[in-house]
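Subject: Model for your files

Hello,

Please find the structure below.

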Amino acid sequence: MKVAVFSCKPYDKRTLATFTNEADLSMTYFESRLSMETISLVKGFDAVSCFVNDDVNAEVIRLLKQQGVNTIALRCAGFNNVDLEAAKAEGIKVFHVPDYSPTSVAEHAVALIMTLNRKTHRAYHRVKEGNFALEGLMGFNLAGKTVGCIGTGRIGAAFCRIMKGFGCRVLCYDLSPSQALIDHGCEYITLEEIYQQSDIISLHCPLNASTHHLINKHSLDKMKDGVMIINTSRGALVHAQEAIDALYTGKIGYLGLDVYEQENKIFFEDMSSHIIQDSVFQLMLTFPNVVVTGHQGYFTIEALNHIAQTTVDNLLHHQSDSSGARQLA
Ligand code: NAI
């Protein structure tokens with residue numbers, strides 16, 4: 001099977017190569033994303049492998065089919081960038097990697113909390129310059145604080161367990177509550193109650209019509225003054241401009257983002273010699289109480305190995321796992 005691997009960085013290539021037997025799979029690696037602009041590259045391939053910011057819309061899918069591609073193997077869990085209905089209609093199978101390492105993303109959410117709270121991002125620069133003054137670096141104890149988790153699937157559940165370990169009160173909201181988390185001492189309440197009671201709110205739900213811009217002026221108005229918002233899920237869960245407005249008023253006291261709505265124009269590339277053409281993003285970076293990372297929540301050795309292994313397995317066997325969870329269309 002000939003596979004065109006898009007959005008492929010050197011570290012992806014290294015891990016994919018480890019799990020690929022060239023006799024079964026012939027991989028061609030492209031750094032570029034799959035989109036209308038790059039669709040011509042798929043000529044002669046049976047399958048494509050894509051990542052979070054490839055634009056696999058209905059038109060791209062139609063052209064994939066036209067070129068003879070019959071499988072899309074996503075190397076990620078989220079699939080909001082793929083038109084599944086179009087894939088189904090064209091008879092193209094779509095696979096993803098549902099649970100490559102929930103812990104890696106949950107731990108990154110906690111890293112953002114710890115950084116924002118104890119201001120290690122600022123302390124690092126101060127100490128490098130010989131400035132050991134503590135003014136402005138005051139944090140708070142996590143023990144006893146109330147943490148709201150929106151979306152308690154694989155990543156959210158791992159996050160809740162870690163926060164319970166810190167001694168936090170953990171409040172949850174999900175369409176399907178988890179008995180295991182309730183048994184672990186977490187409480188399920190309404191979204192409104194999460195907004196009202198939480199000192200820290202972390203987002204772990206998928207991006208869909210009901211969660212788009214979940215964090216906006218109206219939801220922020222219901223939250224505690226100085227609330228900490230963490231988003232490691234998908235950028236468009238947060239209305240960036242309204243979050244900035246809330247940073248100015250102090251409604252948001254801390255903002256930790258691993259994802260950003262317009263990230264496909266910026267993330268995963270070295271932009272250090274470019275002028276980033278996104279004034280909202282640029283403004284966001286100027287706040288001392290905002291920490292942004294470039295979609296690295298998943299980026300651990302364990303997760304990359306699992307992604308590579310599952311992707312190869314999805315491509316080779318063209319079948320779902322025993323629970324059927326890996327095949328989306
Ligand atoms: P999951 O499918 O295991 O869990 C998602 C949970 O959200 C489910 O329990 C579901 O019932 C719940 N949910 C759905 N709609 C909801 C709503 N309207 N309100 C509240 N809860 C809702 O997914 P998983 O693996 O935990 O991933 C969560 C998200 O994390 C993914 O959708 C993806 O966007 C993001 N992600 C980010 C990564 C990163 O590197 N930053 C890496 C992997 C995933």
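Is Phe-299 buried, partly exposed or exposed? At 39% relative accessibility, Phe-299 is partly exposed, where buried means under 20% relative accessible area, exposed over 50%, and partly exposed in between (1.4 Å probe, protein chains only).

Two remarks on the basis of these values. This is a predicted model, in which local features need pLDDT of at least 70 and side-chain atom pairs count only at pLDDT 80 or more, while totals for chains, interfaces and linings use all residues. Residues are numbered from 1 along each chain as its sequence is written, and side-chain values use heavy atoms, leaving out hydrogens and water.

Aromatic rings

Rings of Phe, Tyr and Trp (its six-membered ring) are paired if their centres lie within 6.5 Å; planes under 30 degrees apart are stacked, over 60 edge-to-face, and the rest tilted. By this rule there are 11 aromatic pairs. One of them is Phe-267 with Phe-281, edge-to-face at 6.0 Å between centres and 70 degrees between planes. The two residues are 14 apart in the chain: Phe-267 lies in the loop between β11 (252-257) and α11 (279-284), and Phe-281 in helix α11. (Helices, H or I with at least four residues, and strands, E with at least two, are DSSP runs numbered from the N terminus.) Phe-267 is buried at 5% relative accessibility, and Phe-281 is buried at 5%.

Tyr-298 and Phe-299 are also edge-to-face, because their centres are 5.7 Å apart and their planes at 65 degrees. Tyr-298 is buried, at 4%.

Strands around β11

In β11, 6 of 6 residues are buried. Strand β10 (residues 227-231) runs parallel to β11, joined by 5 bridges; strands count as paired if DSSP finds at least two bridges between them. Ile-229 has Leu-255 of β11 as its bridge partner. The chain passes from β10 through helix α10 (residues 240-249) to β11 in a right-handed β-α-β crossover, meaning that with the strands pointing away from the viewer the path from the first strand over the helix to the second runs clockwise.

On to β12 (residues 290-292): this strand is parallel to β11, with 3 bridges, and Val-291 in β12 stands opposite Gly-256. β11, α11 and β12 form a right-handed β-α-β unit.

Cysteines

The whole structure has 0 disulfides, a disulfide being a pair of cysteine sulfur atoms within 2.5 Å. For Cys-50, the nearest cysteine sulfur is that of Cys-76, 8.4 Å away.

Regards
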